[in-house]
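Please consult the sequence and the structure shown here while reading.

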Amino acid sequence: MSIIVDQVTKLYGEQKALDRVSFRIEPGNILGLLGPNGAGKSTIMKIITCFIPPTSGEVSVYGFDIYEQSDEIRKKIGYLPEHNPLYPDMYVKEYLAFIAGLHHLKNKKKRVKEMIDITGLQIEQNKKIGALSKGYRQRVGLAQVLIHDPEVLILDEPTTGLDPNQIVEIRELIKKIGKEKTVMLSTHIMQEVEAICNRAIIINKGVIVADDDTVNLSKYKADKEVITVEFDRDVRKEQLKKISGTTSVKKLQDRIWTLESTSGKDLRPAIFKFAVDNNFTVLSMNKESRSIESVFQQLTK
Ligand SMILES: Nc1ncnc2c1ncn2[C@@H]1O[C@H](COP(=O)(O)OP(=O)(O)OP(=O)(O)O)[C@@H](O)[C@H]1O
Ligand SMILES: [Mg+2]
């Protein structure tokens, strides 16, 4: 197991930022940590990377304990913080050489060149960091976290603030890097998890509300359709269940029902036909599609 987080709670004064959070990441996984603002994503990452201690709970990275062996853990991890601080007055190459020096790497020059190649910084390598676009600055950040060849990458919102083209490029880059590393990244965007990650954890207000393979999350995407319909008089549930394509029927109030379909089929024509055939009048009908985004909203409401 690459990372084990067990019953971690974090209090900032009175405020509980994490409440008994537990999960595991296996080597070779790309895990997406998905949650709204203030959910606790950055807090988890800071704890795993040994920047802050939890209030209680256990965390280990490749068998090393965060309390006892933080130096070992730092060597194993490349951490891209949320607001990645870079030195705007340094040149790209100069900066990466400086980072390589902090890690006491041999072959500094060779390693810097490799990082520039991997992250696609060739054409910008002779510029000052302050002169780069956000996307290229993010590449410098990724080059920086990769330079000591860590086994685990912790990336806090790596695509936030980038334009759509840069987002696609950075996602591709993370996927490429992820083939050989264990990656944990945070995001607000469900599609990002779908695009890059094979595992997803959804967190809200410090509590994990979903932990699953990404393919399982996307099952919600098989657009669930919910129809709310009001008839002029009482209907029996058994009758409504027979409407073709209906997967679930619930009574909301007298004469008001919700019918669900997961087949992608629009139930409305069949509901009308049912009403006509059985001499009911439809007083109102409302259709709501549930995409994966609304599943996320629902889980984190
Ligand atoms: N140093 C701190 N002192 C006090 N409260 C803090 C501190 N850092 C974070 N918090 C609080 O802890 C909660 C979790 O914050 P955290 O930064 O982990 O959320 P996040 O999921 O990363 O949010 P975002 O998507 O906005 O980056 C928030 O309510 C935040 O205000
Ligand atoms: Mg954050």
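Two strands are taken to pair if DSSP finds at least two bridges between them. Helices (H or I, at least four residues) and strands (E, at least two) are DSSP runs, numbered from the N terminus. This is a predicted model, in which local features need pLDDT of at least 70, side-chain atom pairs count only at pLDDT 80 or more, and totals for chains, interfaces and linings use all residues. Residues are numbered from 1 along each chain as its sequence is written, while chains are lettered from A and ligands numbered from 1 in the order in which they are written.

**Domains.** The chain is assigned domain 1 (3-219) and domain 2 (222-299), with bounds that come from an automatic or database domain assignment. Taken over C-alpha atoms, the centres of domain 1 and domain 2 are 43 Å apart.

**The sheet.** Six strands form an open sheet in the order β6-β7-β8-β3-β9-β10, with mixed pairing. Because β6 (77-80) and β10 stand at the edges with a single partner strand each, one side of each has no neighbour in the sheet. From one strand to the next, the twist averages 15°.

β9 and β10 form a hairpin with two residues between them, and Lys205 in the turn has a positive phi of about 45°. In strand β9 (residues 199-204), five of the six residues are buried; a residue counts as buried if 20 or more other C-beta atoms, placed from the backbone, lie within 10 Å of its own.

**Helices across the sheet.** Angles run from 0 to 180 degrees between N-to-C directions of axes, which are lines fitted to C-alpha atoms, for helices over the stretch in contact; contact requires C-beta atoms, placed from the backbone, within 7 Å. Helix α1 lies across β3, β7 (152-156), β8 (182-187) and β9, at about 150° to β7. Helix α6 (residues 164-178) lies across β3, β7 and β8, at about 155° to β8.

**The ligand shell.** A residue is near a molecule if its C-beta atom, placed from the backbone, lies within 6 Å of it. The residues around ligand 1 include Tyr12, Gln15, Asn37, Lys41, Ser42, Thr43 and Glu82. β2 (15-25) and α1 (41-48) are the elements that give two or more residues to this shell, and α1 gives the most, with three residues.

Conventions: A residue is buried if 20 or more other C-beta atoms lie within 10 Å of its own, exposed if 12 or fewer, and partly exposed in between; C-beta atoms are placed from the backbone. Two residues are in contact if their C-beta atoms, placed from the backbone, lie within 7 Å.
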